[in-house]
Amino acid sequence: MATPLPAQAMATKGKPAPAFALTSVTGPKLDLATLRGKVVLVDFFATWCGPCKDTIPHLVDLQRRLGNKGLQVVGLSADDDDDQLAVREFVTTYRINYPVALAPESVRDDYGLRAVPVLFIIDKKGAVVDIYRGLGGDMKKRLEELLQKLLAS
């Protein structure tokens with residue numbers, strides 16, 4: 001039986017985002033602490049997830065348009081730890097223009113991940129501002145409005 005996680009371990013709105021320091025599937029280190037001062041969008045996804053595949057092109061577009069204004073999209077794959085090659089191929093296939101790493105179980109637990117896709121919006125000070133479970137309907141517009149507001153502050 002699974003033991004419930006302590007409430008403070010879960011990523012929640014208004015609280016500091018749980019730290020992670022990982023190696024991206026293309027090699028460079030990916031450390032959330034080094035992104036302080038930027039607005040960070042963390043996308044938990046999986047290569048086998050249809051809704052995740054639908055979300056990726058929008059995130060690629062956001063990174064392209066808003067990256068020079070202080071946005072950093074980060075992809076964290078919920079695929080198995082031995083699927084690094086599959087994730088690397090996914091990055092190439094979808095022309096992902098932001099860092100992607102495999103998220104170990106400890107990081108998935110810290111963020112309370114139960115399903116994908118889930119997007120965590122983190123402000124320049126490192127706090128979780130909002131959480132999007134999927135990106136359907138008018139959520140893309142609401143997400144972009146939130147990002148623009150955070151980038152302007």
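1. Basis. The structure is a predicted model, in which local features need pLDDT of at least 70 and side-chain atom pairs count only at pLDDT 80 or more, while totals for chains, interfaces and linings use all residues. Residues are numbered from 1 along each chain as its sequence is written, and side-chain values use heavy atoms, with hydrogens and water left out.

2. Strand 4. Helices (H or I, at least four residues) and strands (E, at least two) are DSSP runs numbered from the N terminus. In strand 4, seven of the seven residues are buried, so the strand is largely enclosed by the rest of the structure; buried here means under 20% relative accessible area and exposed over 50%, with partly exposed in between (1.4 Å probe, protein chains only). Leu71, Val73, Gly75 and Ser77 point one way from strand 4, whereas Gln72, Val74 and Leu76 point the other way.

3. Strand pairing. Two strands count as paired if DSSP finds at least two bridges between them. Strand 4 pairs in the parallel sense with strand 3 over seven bridges, and Leu41 stands opposite Val73 in strand 4. Strand 4 also pairs in the parallel sense with strand 5, over three bridges, and there Ser77 stands opposite Leu102.

4. Crossovers. Between strand 4 and strand 5 the chain passes through helix 2, in a β-α-β crossover that is right-handed; that is, with the strands pointing away from the viewer, the path from the first strand over the helix to the second runs clockwise. Strand 3, helix 1 and strand 4 likewise make a right-handed β-α-β unit.

5. Helix 2. Within helix 2 (residues 84-93), Val87, Phe90 and Val91 are buried. The buried residues of helix 2 fall within an arc of 100° when seen down its axis, so they line one face of the helix; the arc is that of the directions from the helix axis to the C-beta atoms. They pack against strand 3 (39-45), helix 1 (50-66), strand 4 (71-77) and strand 5 (100-102), whereas Leu85, Thr92 and Thr93, on the other side of helix 2, are exposed.

6. Leaving aside neighbours within four places in sequence, Leu41 is in contact (heavy atoms within 4.5 Å) with residues including Leu59, Val73, Phe120 and Leu143.
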